[in-house]
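Reader: Please take me through this model and say, for each label, what it rests on.

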Amino acid sequence: MTLLSVRDLSITIGRMQPLDRISFDLAKGEILGVVGESGSGKSLTAMSVMGLLPLIRGRISSGQVLFDGRDLTRLKEKEYRALRGRRIALITQNPMTSLDPVLTVGSQIDQVARLHLGLAPAEAKARSIDLMQQLRIPEAKAVHDQYPHQLSGGMKQRIVIAMALAADPDLIIADEPTTALDVTIQAQIMQILVELVRDRGLALMLITHDMGVVAQTCDRVVVLYAGRVAESNTVADIFAAPQHPYTRALIGCIPREALQPGSLTGIPGMVPNVLDYPAGCRFHPRCALAQPVCAETVPPLAPAEGGLAACHFAGEIAPAKGVRHG
Ligand SMILES: Nc1ncnc2c1ncn2[C@@H]1O[C@H](COP(=O)(O)OP(=O)(O)O)[C@@H](O)[C@H]1O
Ligand code: SF4
Ligand SMILES: [Mg+2]
């Protein structure tokens, strides 16, 4: 059953239009990867769903964000506040954007359950410690009374995940939740997050620039490029038969050795500036398969191989030497 449906979402910030008709669905219990290079619009997509665009003087210019059948773009800020943290929780890259340095980490987890679930202080504390143990925080009782600066980056991010889970949300949006951490810690934390989400049957929108992470953790994926959806499909199908040249390039960038977390090097050129997006297909200056039509006409997002792809030549492209996932 669809929990979140983003439909033709466009946003503006001043005279910039960083998102152009983004669409994707996320079902209950599903992990959706949102992937693309830096600057493709991933964080703005998360902020749009969370109703946080006003903070950066942005606004939704058209489209819908349907959550459990309700169009969030019509909510008043007061109504959004009741939803945020309670039914949709956000985990960002930097734990210190979520943690207050002057409060103990435990009291901050307690606070979520007290505010949103109305738990009494002792109840909330017991629940927080239980959550911290599920996140495999050693000596959770003692850590409950510590301050953020006493913890490592990885432990702080576990606290942020505990805060996200504390109100029993239906949907978690994790925006590059491990990118700021040491590589060895990244995989551990991703594994714990995914385990808890799966155990509870939660929906997770996992934002990452890493196709390796998508292969290992997601059910479906939406690939963003320069503020538009390039392609979306199940993870199995997108790795077996990527339809969009950008997806193929991203997959080609996964280091072969067991799909370890890797960086997006190897695609020539750069993501264009939001104030200077190319006409037609925004990928055309970097696309090895570009034809004259690509510089003139925007390719519509159309059915391809069971998913959707925005390329004039989707379906005509020879199958890639797809990297197997799993
Ligand atoms: N607060 C902001 N004000 C103006 N432009 C922004 C802001 N945040 C992001 N952008 C622009 O919007 C585009 C998409 O940004 P973002 O969603 O942060 O990308 P990603 O998370 O995929 O790296 C980028 O070109 C970025 O420069
Ligand atoms: S529409 Fe043209 S430029 Fe864009 S991805 Fe397809 S082939 Fe490449
Ligand atoms: Mg981002």
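**Labels and their grounds**

Author: Tyr225 stands opposite Arg228 in β10, where strands are DSSP runs (E, at least two residues) and helices are runs of H or I of at least four, numbered from the N terminus. This is a predicted model, in which local features need pLDDT of at least 70 and side-chain atom pairs count only at pLDDT 80 or more, while totals for chains, interfaces and linings use all residues. Residues are numbered from 1 along each chain as its sequence is written, chains are lettered from A and ligands numbered from 1 in the order in which they are written, and side-chain values use heavy atoms, with hydrogens and water left out.

Reader: Why is Arg228 called buried?

Author: Buried means under 20% relative accessible area, exposed over 50% and partly exposed in between (1.4 Å probe, protein chains only); Arg228 has 16%, and is therefore buried. Not counting residues up to four places away in sequence, Arg228 touches Asp20, Arg21, Ile22, Val223, Gly280, Arg282 and Val298, a contact being heavy atoms within 4.5 Å.

Reader: What makes β9 and β10 a pair?

Author: Two strands pair if DSSP finds at least two bridges between them; strand β9 (residues 220-225) and β10 have six, in the antiparallel sense. Both belong to an open sheet of eight strands with mixed pairing, in the order β6-β7-β8-β3-β9-β10-β12-β11.

Reader: Why are β6 and β11 said to stand at the edges?

Author: β6 (88-91) and β11 (302-304) each have a single partner strand, so one side of each is left without a neighbour in the sheet.

Reader: What makes helix α1 largely enclosed?

Author: Eight of the nine residues of α1 (residues 42-50) are buried, so the rest of the structure largely encloses this helix. Among the buried residues are Leu44, Met47 and Met50. Just after α1, Gly51 takes a positive phi of about 70°.

Reader: How do you know how far the model can be trusted, and where is the pLDDT below 50?

Author: pLDDT is the predictor's confidence in each residue, from 0 to 100; the chain has a mean of 92, and 93% of its residues reach 70 or more. Over residues 257-265, however, the pLDDT is below 50, although this stretch has 21 contacts in the model beyond near neighbours in sequence. Residues 321-326 also have pLDDT below 50, with 12 contacts beyond near neighbours in sequence. Where pLDDT is low, the predicted coordinates should not be read in detail.
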